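This report describes a single protein chain, shown below. It is intended to be read alongside the sequence and the coordinates.

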Amino acid sequence: MNCPSCDSSHNRKNGKKRGKQNYICVGCGRQFIDKYEPSRTYSNEIKEECLKMYLNGMGFRGIERVKGVHHTTIISWVKQLGKTMVDVPSKDVNQGELVGDRNIPSVGELDELETFVGSKKIKSGCGQQ
Ligand SMILES: [Zn+2]
């Protein structure tokens with residue numbers, strides 16, 4: 001756990017905030033929280049591959065075994081995808097495969113969704129980097 005300001009690992013515990021361990025940097029006095037991130041950051045490639053596997057009918061646990069990505073992380077990606085798809089106009093229907101009555105986005109659309117989800121994350125400002 002390094003200080004986000006000066007990258008020093010010399011810090012000590014400083015109580016808890018909203019159930020999260022708070023730290024204070026001994027070097028610069030900066031306070032920061034030990035972030036517990038169940039969905040640690042994966043590259044877009046891995047995320048896309050996992051989503052593709054899901055869209056091809058693989059189960060979350062199966063993907064977890066193959067890709068080493070925790071299934072709850074994959075589920076959250078799929079949920080993000082589902083939310084985003086509500087806003088996606090159906091003009092590109094011919095590019096997707098029709099499975100049941102659900103339109104599966106093409107890879108190109110996935111890229112766009114990536115960007116969309118990514119910019120959403122930045123806006124919410126949950127990262128220190
Ligand atoms: Zn510091």
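The sections below treat the overall fold, the metal site, selected residues, the aromatic pairs and the nonpolar core.

## Overall organisation

The structure is a predicted model. Its secondary structure comprises four helices and five strands, and these follow one another along the sequence in the pattern β-β-β-α-α-α-β-β-α.

The chain has 129 residues, of which 28% count as buried. Among contacts in the chain with a separation of 6 or more, 40% are accounted for by residues 24 or more positions apart.

## The zinc site

The zinc ion has as its protein donors the SG atoms of Cys 3, Cys 6, Cys 25 and Cys 28, at 2.2 to 2.4 Å. The four donor atoms subtend angles of 105 to 120° around the zinc ion, and the arrangement is therefore tetrahedral. Along the sequence, the donor residues have the spacing C-x2-C-x18-C-x2-C. Cys 6 belongs to the segment before strand E1 (11–17), whereas Cys 28 belongs to the loop between strand E2 (20–25) and strand E3 (31–33); the pair therefore ties together parts that are 22 residues apart in sequence.

Cys 6 is partly exposed, because its relative accessibility is 39%. Cys 28 is likewise partly exposed, at a relative accessible area of 41%. Cys 25, by contrast, has a relative accessibility of 2% and so counts as buried.

## Surroundings of Cys 25

Cys 25 is situated in strand E2. When neighbours within four places in sequence are set aside, Cys 25 is in contact with Cys 3, Cys 6, Ser 8, His 10, Asn 11, Arg 30 and Phe 32.

## Asp 7: backbone and exposure

Asp 7 is found in the segment before E1. At 54% relative accessibility it counts as exposed, because the threshold for that class is over 50%. In general, most residues other than glycine have a negative phi.

## Gln 21 in strand E2

Gln 21 is located in strand E2. With a relative accessible area of 16%, Gln 21 is buried, since burial requires a value under 20%. The side chain of Gln 21 reaches the backbone oxygen of Gly 15 at 3.0 Å.

Not counting residues up to four places away in sequence, Gln 21 touches Lys 13, Asn 14, Gly 15, Lys 16, Phe 32, Ile 33 and Asp 34.

## Aromatic pairs

Three aromatic pairs are found in a search of the whole structure. In one of them, the ring centres of Tyr 23 and Phe 32 are 5.9 Å apart and the ring planes are at 20°, so the pair is stacked. Both Tyr 23 and Phe 32 are buried.

A further pair is formed by Tyr 54 and Phe 60, with ring centres 5.3 Å apart and planes at 10°; this pair is therefore also stacked. Tyr 54 is partly exposed, with a relative accessible area of 22%, and Phe 60 is partly exposed at 24% relative accessibility.

## Nonpolar core

Which residues make up the largest nonpolar core? The core has 10 residues, namely Tyr 42, Cys 50, Leu 51, Met 53, Ile 63, Val 69, Ile 74, Trp 77, Val 78 and Leu 81. At least two residues of this core are supplied by each of helix H1 (44–55) and helix H3 (71–87). H3 provides the largest share, which is four residues. In soluble globular proteins, nonpolar side chains tend to be buried together.

Gly 59 lies in the loop between H1 and helix H2 (60–67). Its relative accessibility is 40%, and it therefore counts as partly exposed. The C-alpha atom of Gly 59 is separated by 9.9 Å from that of Ile 74, which is 15 residues away along the chain. Ile 74 is itself one of the residues of the largest nonpolar core.

Notes: Residues are numbered from 1 along each chain as its sequence is written. This is a predicted model: local features need pLDDT of at least 70, side-chain atom pairs count only at pLDDT 80 or more; totals for chains, interfaces and linings use all residues. Side-chain values use heavy atoms; hydrogens and water are left out. A nonpolar core is a set of buried Ala, Val, Leu, Ile, Met, Phe, Trp, Tyr and Cys residues joined through side-chain atoms within 4.5 Å. Buried means under 20% relative accessible area, exposed over 50%, partly exposed in between (1.4 Å probe, protein chains only). Donors are N, O and S atoms within 2.8 Å of the metal (3.2 Å for Na, K and Ca); water is not among the atoms, so sites may look incomplete. Four donors count as tetrahedral if all angles lie between 85 and 135 degrees; four count as square planar and six as octahedral if opposite donors are over 155 degrees apart and all others between 65 and 115; anything else is irregular. Rings of Phe, Tyr and Trp (its six-membered ring) pair if their centres lie within 6.5 Å; planes under 30 degrees apart count as stacked, over 60 as edge-to-face and the rest as tilted. A polar contact is a pair of N or O atoms within 3.5 Å; within protein, one must be able to donate a hydrogen and the other to accept it, and residues adjacent in sequence count only if both atoms are side-chain atoms. Contact means heavy atoms within 4.5 Å.
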